[in-house]
Amino acid sequence: MVTPGLDWVGLAGPTASGKTALALALAERLPLEVVSVDSALVYRGMDIGTAKPSAAERAAVPHHLIDLIEPTEAYSAARFVQDATRLIAEIRARGRLPLLVGGTMLYFKALIDGLDEIPATEPAVRAALEAEAAERGWPALHAELAQVDPVTAARLHATDAQRIQRALEVWRQTGRPLSAFHTGPRSAGLSHRLISLEPQERAWLHARIDQRFTQMLDAGLLDEVRGLRARGDLQPGLASMRCVGYRQAWEALDAGLQGSALRDDVANRGAAATRQLAKRQLTWLRGMARASLPIDRLNTPALCDAALQAISP
């Protein structure tokens with residue numbers, strides 16, 4: 001039985017760790033609705049490369065915060081907190097449990113710890129950073145970030161242009177590191193329990209990542225990206241097109257690769273980028289209070305039992 005008074009339960013973990021399968025298994029045991037905690041699932045028309053839950057899965061269990069915006073639009077941690085807080089209240093009012101599922105750890109942290117108001121970007125600051133990146137490269141700007149905001153820099157890959165740029169924008173505009181804004185009051189005083197799926201063997205997770213990326217390619221990831229390129233209103237600098245998989249496919253298509261060379265390039269670089277993403281997700285998790293479940297030696301039914309035990313009193 002779920003702990004009385006628990007406002008929401010979180011199910012976090014690195015990409016390809018089996019969060020969706022476990023969420024569906026839990027839905028067979030608990031009256032719940034899923035709230036996505038994934039910065040890529042908000043985009044419409046980006047289904048294969050984001051491993052978006054299928055229509056059948058979404059029909060079986062109500063899902064929220066999926067297909068919210070066009071790939072031309074932006075979504076933020078602050079908006080997530082606003083949307084998730086509203087949904088938690090609505091789901092609880094229906095007598096059901098909000099299960100927040102995903103791997104965007106900043107969103108979890110923002111909901112749990114709160115966010116101070118972060119200033120909007122000044123166009124001149126953004127333009128200056130983009131010009132510097134074109135001249136010096138993002139790794140050099142990442143090194144600069146490490147000097148002024150080591151906490152944020154430690155969580156970012158040296159080529160994570162979107163997040164490096166945002167962190168430096170905040171620093172240059174306010175003189176405060178972005179990490180200093182992540183210390184606000186707990187969001188609305190909501191009680192929660194966070195469960196994390198964590199591999200004990202890195203090789204196990206890497207094999208899962210490689211397998212899933214191959215499945216995405218088989219399912220038509222390259223055609224999906226070709227369709228997005230053909231729209232005419234997207235470009236590789238957008239946050240949506242920087243998502244893992246989409247970025248590598250866009251770059252390979254820009255390079256004129258074709259046939260097996262195209263597929264091999266995207267498979268190799270996409271899987272490598274996904275492994276880096278998983279490493280960053282696990283780094284985030286280690287700094288969060290959670291009930292950790294090892295996942296490379298448990299099948300879904302056993303994992304479901306373990307999760308229910310972690311949720312219950």
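The model is predicted, so local features need pLDDT of at least 70 and side-chain atom pairs count only at pLDDT 80 or more, while totals for chains, interfaces and linings use all residues. Residues are numbered from 1 along each chain as its sequence is written, and side-chain values use heavy atoms, with hydrogens and water left out.

I start with the annotation. UniProt, in an unreviewed entry, lists Thr15, Ala16, Ser17, Gly18, Lys19 and Thr20 under "binding site"; such annotations may be inferred rather than shown by experiment. I will take two of these residues.

Ala16 sits in the loop between strand S1 (8-12) and H1. Helices here are DSSP runs of H or I with at least four residues, strands are runs of E with at least two, and both are numbered from the N terminus. Ala16 has 6% relative accessibility and therefore counts as buried, where buried means under 20% relative accessible area, exposed over 50%, and partly exposed in between, with a 1.4 Å probe and protein chains only. Beyond its neighbours within four places in sequence, Ala16 contacts Leu205, Arg208, Ile209 and Arg212; contact means heavy atoms within 4.5 Å.

Lys19 belongs to helix H1. Its relative accessible area is 11%, so Lys19 is buried too. With neighbours within four places again left aside, the contacts of Lys19 include Leu11, Pro14, Val101 and Leu197.

Next, the packing of H1. Helix H1 (residues 19-27) packs against helix H13 (residues 300-311) at about 70°, with axes 9 Å apart. Axes are lines fitted to C-alpha atoms, for helices over the stretch in contact, and angles run from 0 to 180 degrees between N-to-C directions. H1 and H13 are therefore roughly perpendicular; the classes are roughly parallel under 35 degrees, roughly antiparallel over 145, roughly perpendicular from 65 to 115, and oblique for the rest. From H1, Ala21, Leu22, Ala25 and Leu26 meet Thr300, Leu303, Cys304, Ala307 and Leu308 of H13. Those contact residues divide into eight nonpolar, one polar and no charged.

The second pair is H6 and H8. Helix H6 (residues 138-148) and helix H8 (residues 161-174) pack at about 45°, with axes 10 Å apart. That angle makes H6 and H8 oblique to each other. On the H6 side, the residues in contact include Trp138, Leu141 and Glu144, and on the H8 side they include Ile164, Trp171 and Arg172. The contact of H6 with H8 divides into nine nonpolar, two polar and two charged residues. For both counts, Ala, Val, Leu, Ile, Met, Phe, Trp, Tyr, Cys and Pro are nonpolar, Asp, Glu, Lys and Arg are charged, and the others, Gly among them, are polar.
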